[in-house]
Amino acid sequence: MGRGDGHDDALRRWLREAGGWLVVDGALGTELEAHGADLQDKLWSARCLVSAPHLIRKVHLDYLDAGANIITTASYQATLQGFQSRGVSREQGEALLLRSVQIAQEARAIFVEGRSKGPYSARDEYDGVVSRARRPVLVAASVGSYGAYLADGSEYTGDYGRSVTKEALKNFHRRRLQAYAELLEENDIRIPAWFSFTSKDGANAASGDPVTECAAVADSCRRVAAVGINCTAPRLIHGLILSISKVTTKPIVVYPNTGETYVAETKEWVDSAAAGGGAPGTDFVSCVGKWRQAGASLVGGCCRTGPATVRAIARALREADAAAAAEDTDDDYPAVAVL
């Protein structure tokens, strides 16, 4: 099992401060398109770093208002190579990577100061109390896979071709990670990282490697503070949590999609059953309490989810806690016979 250090301890401390769980945000591209952004581009949501940063800020705010503790930057598909293919210089590309973090920080500042004016800012009394109490509010730098840069759907299969070696992948990611690291160093911030994997069958990652082996590798890295699953059908998540928990004691993060299947050729999401992808989708929110009970401590959404999903996740986690507390109370008072 992995050893704790400053990175691991920081995440565990944040989880304790928040009551044992944190809510991660939902899909960014889905919401940007809902607000009118044109994402028909290999840069996908990262295109808005240039064309519509105000929309990114708005989506971040909607998620915070809906109950998210963690917002992820608009950088999943933001790569220096991708920017350069669009005529953006390396220096400008690095500035855009840093800008993705700054936009999220701006949204956080607006939220913390109570200046949100969006549709999710009008919380009911219970949600408002929880929102103020459940700190910290965190920004996570999103580092997408090599397949995200290719924009051909290969991040869902792990098939990058034999010419793409481990060293090539390391070189591809290196400068992007260095840019984020430099920003953290400049502000004397030390933060944890998490690794997440996708799965189509509930047992293996997209590459075909067993999820337990992938999780064990992540567990062995001292700078990785959490391990989990993203963009995977909700019906597979419970079993994956149980599998991952066998090889790590680190916090487990899950942020599934809605259960639909992405068709790379048409760049559309379709019903999984209709696409030959197996059983129909599982109701997302009804599973949250079960995932929490199985061991997930960071829960959010991926593709096709939105602020309404995140609000429902936050409420489901609170209800799961209340149910667990009620069970504990019942255990303290054993039944007795009344004579």
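**Entry 1, overall.** I started with burial: of the 339 residues of the chain, 46% count as buried, meaning under 20% relative accessible area, with over 50% called exposed and anything in between partly exposed (1.4 Å probe, protein chains only). I kept in mind that this is a predicted model, where local features need pLDDT of at least 70, side-chain atom pairs count only at pLDDT 80 or more, and totals for chains, interfaces and linings use all residues. I also noted that residues are numbered from 1 along each chain as its sequence is written, and that side-chain values use heavy atoms, with hydrogens and water left out.

I checked pLDDT, the predictor's confidence in each residue from 0 to 100. The chain averages 81, and 76% of the residues score at least 70. Over residues 128-134 the value is below 50, and I found nine contacts for that stretch beyond near neighbours in sequence; a contact here means heavy atoms within 4.5 Å.

I counted 13 helices and nine strands, taken as DSSP runs (helices H or I, at least four residues; strands E, at least two) and numbered from the N terminus. Among the buried residues of H6 I listed Leu-96, Leu-97, Val-101, Ile-103 and Phe-111. After H6 comes Gly-114, with a positive phi near 75°.

I next looked for nonpolar cores, sets of buried Ala, Val, Leu, Ile, Met, Phe, Trp, Tyr and Cys residues joined through side-chain atoms within 4.5 Å. The largest has 64 residues, and Leu-32, Leu-49, Ile-241, Val-254 and Trp-291 have the most contacts inside it. A second, separate core of 18 residues includes Trp-14, Leu-22, Val-24 and Tyr-255.

How many aromatic pairs does the rule give? I got two, with ring centres of Phe, Tyr and Trp (its six-membered ring) within 6.5 Å; planes under 30 degrees apart are stacked, over 60 edge-to-face, the rest tilted. Trp-194 and Tyr-255 are edge-to-face, at 6.0 Å and 65°. They sit 61 residues apart, Trp-194 in strand S4 and Tyr-255 in strand S6. Phe-284 and Trp-291 have centres 5.6 Å apart and planes at 70°, so this pair is edge-to-face; both residues are buried.
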